Amino acid sequence: MKNQYNKTITACFIGYIVQAIVNNFVPLLFLTFERTYAVPLSQITLLVTINFGVQLLVDLLSVGFVDKIGYRASMIMAHLFSASGLILLTILPELMPTPFMGILLAVVIYAIGGGLLEVIVSPVVEACPSENKEKAMSMLHSFYCWGHVGVVAISTLFFYLFGIHNWKVLAVIWAIIPLCNAFAFTKVPMASLLEDGETGLRIGELFANKIFWILFIMMICAGASEQAVSQWASTFAEQGLGISKMIGDLAGPMAFAIMMGASRAYYGKYGEKIDLDRFMIYSSVLCIISYLGISLIPIPQFSLVACAVCGLSVGIMWPGTFSKASAVLSKGGTAMFALLALGGDVGCSGGPTVVGIVSSSMNNNLKMGILAAIVFPIILLIGILFCRK
């Protein structure tokens with residue numbers, strides 16, 4: 001029976017690739033939207049805020065409906081929203097009163113799908129019978145990294161071969177993946193996260209649990225530690241080395257994502273031989289060292305290497321915290337996963353914001369912004385040590 005659930009786990013892996021598509025494809029088109037539809041950059045920047053804002057809202061609202069309609073229906077719905085948003089992106093700009101309204105509506109639709117995937121993919125994998133759930137969780141989250149790398153690399157190659165003016169064709173091609181995976185989820189077996197007759201903890205019960213708050217803060221710090229550097233890696237590459245944006249994206253964010261995926265895949269393969277707490281402690285220390293290297297060593301090439309090392313160090317933080325929560329609060333249920341996803345997304349938006357605010361106050365000194373954000377891996381390390389006790 002466990003072999004049957006391998007199909008479910010594989011479909012979940014693809015689900016995280018879908019989330020990588022909806023989060024990382026449209027940002028590659030920002031300048032195209034500006035030129036084609038005369039959308040100002042101030043409005044284009046709003047698309048990122050709206051995307052993650054909608055996902056945060058879905059994280060919160062999902063507590064009330066996922067258990068009622070079931071994980072299968074929720075998973076199918078998430079993929080259909082993701083595919084619909086990508087397809088409508090090619091249609092709505094010409095149909096709405098202004099192109100920006102059409103783009104924004106498409107972003108909102110696929111963001112609903114992305115938010116649902118964030119909440120339900122992890123508990124579906126956690127529910128599947130497996131000998132080492134920590135391994136499966138880490139391998140699952142590595143597929144978001146590989147999806148990110150694939151979206152950037154394949155899209156860049158497509159634009160080079162066929163021209164960026166054919167971006168609508170690529171958007172429809174990307175939409176085929178969630179459509180096919182939605183069909184897969186109508187067939188694969190689904191296990192229950194809780195035993196028959198059991199109910200998950202309510203939000204009030206979670207809020208009254210001290211260990212939940214430690215895990216929630218750890219998730220915020222995991223997301224912030226990851227994105228505080230990832231979002232600025234391209235800028236480091238361009239400013240520090242004086243290279244083009246395309247090469248900067250390959251040397252910065254893609255190198256970060258590859259190293260982060262490698263860390264998760266390594267634990268996913270050898271996790272039964274590795275103590276999770278020890279691995280997270282060492283990773284947090286390495287993250288702190290990489291932040292110090294980025295901020296304090298005045299050699300641009302070293303800063304870029306330190307960015308990649310940071311990707312390696314943060315890989316286990318998000319899936320590791322999920323695994324610890326599942327072990328410590330085994331009856332946490334959908335509410336726990338949704339709230340932890342909410343905390344992670346808050347960190348993903350808050351980390352880069354802290355870097356930006358501090359950098360602006362220090363005459364646009366990104367190094368000082370990164371140095372200020374070192375507080376996040378430090379707090380995460382403290383949280384791991386508390387959980388270990």
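The following is a short exchange on how some terms apply to this structure.

Guide: This is a predicted model, in which local features need pLDDT of at least 70 and side-chain atom pairs count only at pLDDT 80 or more. Residues are numbered from 1 along each chain, and side-chain values use heavy atoms.

Visitor: Why are α10 and α15 called roughly antiparallel?

Guide: Helix α10 (residues 210-230) and helix α15 (residues 317-328) pack at about 170 degrees. Angles over 145 degrees count as roughly antiparallel, and α10 and α15 are therefore described that way. The angle is taken between N-to-C directions, on a scale from 0 to 180 degrees.

Visitor: Which residues of α10 and α15 make the contact?

Guide: Among them are Leu-215 and Met-218 of α10 and Trp-318 and Phe-322 of α15; contact means heavy atoms within 4.5 Å.

Visitor: What makes Glu-94 and Lys-168 a salt bridge?

Guide: The closest N and O atoms of Glu-94 and Lys-168 are 3.1 Å apart. A salt bridge needs a side-chain nitrogen of Lys or Arg within 4 Å of a carboxyl oxygen of Asp or Glu, so the pair qualifies. Glu-94 lies in helix α5 (residues 92-95) and Lys-168 in helix α8 (residues 167-184).

Terms used:
Helix = DSSP H or I, 4+ residues; strand = E, 2+ residues; numbered from the N terminus. Parallel < 35°, antiparallel > 145°, perpendicular 65-115°, else oblique.
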